[in-house]
Amino acid sequence: MTESKRAIANAADRPLNPDEIGWDPDDAPELDEAWFEKADRFVGGRLIERGHRPGKTERLVLPTDLVERFRAGGPGWQIRIETALKEWLREHSDRL
């Protein structure tokens, strides 16, 4: 470890300056309403809600009892709902 890296490591109780962290905090994006709408939401490191991604996904309101049946199967429940809907559409395309 070089002397400058050792000095930075030993000064953990002081704030780092932009040269030490490699970017300028003033260059960070503005955290406006649009930014938060696109942001994923985490609680305790666990993804609880994906941010809105125009053209890629849509938000959908489903009955709680239906969603709970998929959630009971564990992680990946959103993908299982998507798969079930796609399968239904293939089998019942005449009903649309």
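## Report on strands, pocket and aromatic pair

L47 is partly exposed, with a relative accessible area of 32%. The value is part of a predicted model. This residue lies in strand β2, and strand β2 covers residues 46-49. When neighbours within four places in sequence are left aside, the contacts of L47 are D40, R41 and F42.

E49 is also found in strand β2. Its relative accessible area is 31%, so E49 is classed as partly exposed, because that class lies between the cut-offs of 20% for buried and 50% for exposed. Beyond the neighbours within four places in sequence, E49 touches D40, R41 and R59. A separation of 8.8 Å lies between the C-alpha atoms of E49 and A39, which are ten residues apart along the chain.

### Overall architecture

The secondary structure consists of five helices and two strands. Along the sequence, these elements run in the order α-α-α-β-β-α-α. What percentage of the 96 residues in the protein is buried? Buried residues account for 8% of them. The protein exposes about 8,800 Å², and 55% of this area is supplied by carbon and sulfur atoms. For contacts between residues at least 6 apart in sequence, the share that joins residues at least 24 apart is 0%.

### The largest pocket

The largest pocket holds about 1,200 Å³ of space. Its lining is made up of 25 residues, and R50, E58, L60, W77 and Q78 are the ones that lie nearest the centre. Two or more lining residues come from each of β2 (46-49), α4 (64-71) and α5 (77-91). Which element gives the largest share of the lining? That element is α5, with six residues. By residue class, the lining of the largest pocket divides into ten nonpolar, nine charged and six polar residues.

### The aromatic pair

The structure holds one aromatic pair. Its members are W35 and F36, whose ring centres are 4.9 Å apart and whose planes stand at 85° to each other, an edge-to-face arrangement. The label follows from the angle, because planes over 60 degrees apart count as edge-to-face. Is W35 buried, partly exposed or exposed? W35 is partly exposed, at a relative accessible area of 36%. F36 is partly exposed as well, and its relative accessible area is 41%.

### Accessible areas

The table lists relative accessible areas by residue.

| Residue | Relative accessible area | Class |
|---|---|---|
| W35 | 36% | partly exposed |
| F36 | 41% | partly exposed |
| L47 | 32% | partly exposed |
| E49 | 31% | partly exposed |

In the table, L47 and E49 represent strand β2, while W35 and F36 are the members of the aromatic pair. Strand β2 is also one of the elements that give two or more residues to the lining of the largest pocket.

Key:
Residues numbered from 1 in each chain as written. Predicted model: local features only at pLDDT ≥ 70, side-chain atom pairs only at ≥ 80, totals over all residues. Heavy atoms only, no water. 1 Å grid on protein atoms, 1.4 Å probe; cavity = no way out; pocket = protein on both sides within 12 Å on 5 of 7 lines; lining within 4 Å. Points joined across faces, edges and corners; volume = space filled by probe spheres on them. Helix = DSSP H or I, 4+ residues; strand = E, 2+ residues; numbered from the N terminus. Nonpolar A, V, L, I, M, F, W, Y, C, P; charged D, E, K, R; others polar. Phe/Tyr/Trp six-rings, centres within 6.5 Å; stacked < 30°, edge-to-face > 60°. Buried < 20%, exposed > 50% of the residue type's maximum accessible area, 1.4 Å probe, protein only. Contact = heavy atoms within 4.5 Å. Areas by Shrake-Rupley, 256 points an atom, 1.4 Å probe, with all protein chains shown as cover.
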